[in-house]
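Welcome! Have a look at the picture, then read on.

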Amino acid sequence: MHYDVVIIGAGMSGLAAGIRLAYFGKSVCILERHYAYGGLNSYYNLAGREFDVGLHALTNYTPPGSHSGPLVKMLRQLRLTRDELQLCEQRFSEVRFPGKTLRFSNDPAMLFAEVEREFPRSADDFRNFVRFIREFDDTPLNHAYQSSRRVLEAQIHDPILREMLLCPVMIYGCAEEHDMDFQSFVIIFKGIFLEGFSRPLAGIRPIIKTLVRKFRSNGGKIRMQCGVESLQIDSERVSQIHLTTGDVMTADTVISCAGYPETMRLCHKNNRNPSPSSEVGQVSYVETHVVLDVLPTELGHKSSIVFFNDSDTFTYAKPNQPVDLRSGVICCPNNYEGHESLPEGVLRLTWLANSDRWQELDDSTYAETKKNYLPSVFDRLEQSAPGLRDHVVFTDMFTPRTIQRYTGRLNGAVYGSPRKQWDGRTPYDNLFICGTDQGYVGIVGALISGITMANIHVLSQ
């Protein structure tokens, strides 16, 4: 079977690329190794409940009537309406360090006031830095690397304020340990602090179903539980796509959202490690869903999202132990406007994790290790929701091992490789990367990535 374009992976970026191409009459087939759509932003059912994977919030929120910004661009390019997404704004979120808290909402004025309160001597620094961020051109797909830490040190003199700004930005989109590319920092900073958070009323599932429906209704084909076994390379091009089903396909263009090192392995099947270790991501997470028989607000937890760190310095790296208890994220799906009607209270705690430690465990030890971390989960959540233990009705935890199993991402690396392919190119003429390893992150970023790569490498040719 031959197609104009074959897309590897039915994640957000793959679906967006497929929709965009199908709108313009291209014959497109998406291949998905899993039985569920969404990739790193998917969903699952357990014990009669629906759980989101990946989705804490959509960044880049802009209110109805806005005519610019990533969210508006994504809606326009995919011909979606706001009503189809059912977005509800956050109430407020927080960055918590010892003795310091910064609240922020979708109105940047709240954060300016909070910085003035907590860091009065750095208020001018922060205002100037935000002005610099607004004026910074974050659109080039080929740019020189700049250290975010070095830029922050030059612009903001208070070291704690610098760490408090880095913490949420890195946690929500950095594939690199300890530091990050400043262009990525700018994109994520704008998405979090200058535009803000929202959440679909019914979680990620309706968005995914809408994307799949759009793709199929415009002639696109999807093959589920059908992975790619290898990509045959001839004359610096992908000449054949060998599937796990034993079938062989061909395409003029192949777009992969499977990750850059993962895609290169498909091109070099006889060499299981063709990419340098520096290209394989190390940043992964453990996340625990805690279901309650009361709303979190009844226990005093009012924030939509809390980014916390237990010291004045934020360490962002693969920990030596299975879980790094020092920092993380608490997400509360109930604490968005209009979400009071959700059937149960839910809190999600996310910590940095060491993939190797989880992968090396046998099944019984793995289950026991997850169980052993639950008291630490409850201890942390009770700092925001006192008495939480008495209201827990269900818990579920996933680890880097879960992420790698269901997404194929090496090391369960949520943000993929530290080496981004901003222009989407690979060593092969008709093979391109979209999604996390292209460079844009988050749900809106992933959708924009798929759109951009489809526009540049197919529709503009």
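A residue is called buried when its relative accessible area is under 20%, and exposed when that area is over 50%. Keep those cut-offs in mind as you read, and remember that this is a predicted model. We start with the sheet, move on to the helices, and finish with some loop residues.

**The sheet and its strands**

- Seven strands form an open sheet: this sheet of 7 strands has the order β7-β6-β14-β15-β16-β13-β17, and its pairing is mixed.
- At the edges sit β7 (100-104) and β17, each of which pairs on one side only.
- From one strand to the next, the twist averages 20 degrees.
- An example of parallel pairing is β6 (residues 93-97) with β14 (residues 305-309), which are joined over 3 bridges.
- Within that pair, glutamate 94 of the model stands opposite valine 306 in β14.

**A closer look at strand β13**

- Which strands does β13 pair with in the antiparallel sense? One is β16 (residues 345-353), joined to β13 by 9 bridges, and another is β17 (residues 392-398), paired with β13 over 6 bridges.
- Is β13 largely enclosed or open? All 9 of the 9 residues in this strand (residues 284-292) are buried, so β13 is largely enclosed by the rest of the structure.

**Helices lying on the sheet**

- Helix α7 lies across β6, β7, β13, β14 and β15 (323-331), and it runs at about 125 degrees to β6.
- Helix α13 (residues 400-407) also packs on the sheet, where it touches β13, β16 and β17. The direction of α13 makes about 100 degrees with that of β13.

**Helices packing on each other**

- Helix α4 (residues 108-118) and helix α5 (residues 123-135) pack at an angle of about 150 degrees, and their axes are 9 Å apart.
- Angles over 145 degrees count as roughly antiparallel, and α4 and α5 are therefore roughly antiparallel to each other.
- The crossing of α4 past α5 is right-handed.
- On the α4 side, Pro108, Leu111, Phe112, Val115 and Glu116 take part, and they meet Ala123, Phe126, Arg127, Val130 and Arg134 in α5.
- This contact of α4 with α5 has 7 nonpolar residues, no polar ones and 3 charged ones.
- Now turn to α7 (residues 159-171) and α8 (residues 182-195), whose axes come within 9 Å and cross at roughly 95 degrees. These two helices are therefore roughly perpendicular to each other.
- Leu165, Leu166, Pro168 and Val169 in α7 meet Phe185, Ile188, Phe189, Ile192 and Phe193 in α8.
- How many nonpolar residues does the contact of α7 with α8 have? There are 9, with no polar and no charged residues.

**Residues in the loops**

- Serine 122 lies in the loop between α4 and α5. With a relative accessible area of 5%, serine 122 is buried.
- Leaving aside neighbours within four places in sequence, serine 122 is in contact with Val115, Asp158 and Leu161.
- Serine 235 is in the loop between β10 (228-234) and β11 (237-243). Its relative accessibility is 70%, so serine 235 counts as exposed.
- Serine 235 and tyrosine 428 are 193 residues apart in sequence, yet 8.7 Å apart in space from C-alpha to C-alpha.

**Positive phi values**

- Most residues other than glycine have a negative phi.
- Asparagine 60 has a positive phi, near 65 degrees, and is found in the loop between β4 (49-53) and α2 (70-78).
- Is asparagine 60 buried or exposed? Its relative accessibility is 7%, so asparagine 60 counts as buried.
- Glutamine 225 is not a glycine either, and its phi is positive at about 50 degrees. Glutamine 225 has its place in the loop between β9 (221-223) and β10.
- At 56% relative accessibility, glutamine 225 counts as exposed.

Key: Residues numbered from 1 in each chain as written. Predicted model: local features only at pLDDT ≥ 70, side-chain atom pairs only at ≥ 80, totals over all residues. Heavy atoms only, no water. Buried < 20%, exposed > 50% of the residue type's maximum accessible area, 1.4 Å probe, protein only. Helix = DSSP H or I, 4+ residues; strand = E, 2+ residues; numbered from the N terminus. Pairing = 2+ DSSP bridges. Axes fitted to C-alpha atoms, helices over the stretch in contact; angles between N-to-C directions. Parallel < 35°, antiparallel > 145°, perpendicular 65-115°, else oblique. Left-handed = near helix turned anticlockwise from the far one by under 90°. Contact = heavy atoms within 4.5 Å. Nonpolar A, V, L, I, M, F, W, Y, C, P; charged D, E, K, R; others polar.
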